[in-house]
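Biologist: Could you take me on a close look at one part of this model, and then show me how its surroundings fit in?

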Amino acid sequence: MAPKIVILISGNGSNLQAIIDQVASGEIKAEISVVISNRTNAYGLTRASNASIPTEVFPLKPYKDAGKTRIEYDVDLAKKILTYKPDLIVLAGWMHILSAEFLQHFPENVINLHPALPGEFDGAHAIERAYQAFQEGKLTRTGVMVHKVIPAVDRGLPILTQEVPILPEDKLEDLEERIHLVEHKLLPLGIQKFLSELE
Ligand code: GRF
């Protein structure tokens, strides 16, 4: 049976699309069980529906409104995902940090895409912060990594990394575009690598 992937998104889903395309072409030998978004209006939900992939929306707001904690949200999210019995959970632009209470259910099989190299620019706005460092003359490259997820944000074991140059004439938008192109290749490759190690 093909391994099962659950994909978590929060937005546009261009990386989700890259995965959908590689599953369709057979380069990724797996089935996408469901795409879960924390945001109702994430365009990635439309991409999933267009590919006849089931979707679920699981927002944090009702938890906050009911005075519940992030941990309660994470535990319920984990329970929901467990019903799909996934071999792999992919964070493809998922903008929530997952707590240890979530990860204890999936200690080895959550992977994340992060637009920076290991140990550099952990957390949000990584591309902007790399560009700022470039403008201050501190670096001429940043990068992309696919890594295993552990409770320390963006610090899990790297599966694949790729450097991305920052060119003297680059505007922030140029760098963002170059990074996204690399992401669309690296995340599917990282998934292939993870799955090949399961066999
Ligand atoms: C990517 O840049 C990813 O590295 C970051 O969020 C972005 C998601 O883009 N974590 P998309 O929704 O896949 O288009």
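Modeller: Happy to! Contact here means heavy atoms within 4.5 Å, and helices (H or I, at least four residues) and strands (E, at least two) are DSSP runs, numbered from the N terminus. This is a predicted model, in which local features need pLDDT of at least 70 and side-chain atom pairs count only at pLDDT 80 or more, while totals for chains, interfaces and linings use all residues. Residues are numbered from 1 along each chain as its sequence is written, and side-chain values use heavy atoms, with hydrogens and water left out.

Let's settle on helix α2, residues 43-50. Its buried residues are Gly44, Leu45, Arg47 and Ala48, where buried means under 20% relative accessible area, exposed over 50% and partly exposed in between (1.4 Å probe, protein chains only). They lie on the same side of α2 because they cover an arc of only 160 degrees around the axis; that arc is taken from the directions from the helix axis to the C-beta atoms. As a reminder, an α-helix has 3.6 residues a turn, so residues three or four places apart point the same way. The partners that the buried residues of α2 pack against are β1 (4-9), α1 (14-25), β2 (31-37) and β3 (55-57).

Ser52 is not a glycine, yet has a positive phi of about 60 degrees. With a relative accessible area of 66%, Ser52 is exposed. His125 also has a positive phi, near 60 degrees, and is a residue other than glycine. You will find His125 in the loop between β5 (110-114) and α6 (126-135), and at 56% relative accessibility His125 counts as exposed.

A nonpolar core is a set of buried Ala, Val, Leu, Ile, Met, Phe, Trp, Tyr and Cys residues joined through side-chain atoms within 4.5 Å. The largest one has 41 residues, and those with the most contacts inside it are Ile5, Ile7, Val90 and Ile191. Helix α7 (residues 172-198) gives the largest share of this core, 8 residues. Leaving aside residues up to four places away in sequence, Ile7 touches Leu16, Ile19, Ile32, Val34, Val35, Ile36, Val90 and Ala92. There is also a second, separate core of 20 residues, including Ala78, Leu91, Trp94 and Phe106.
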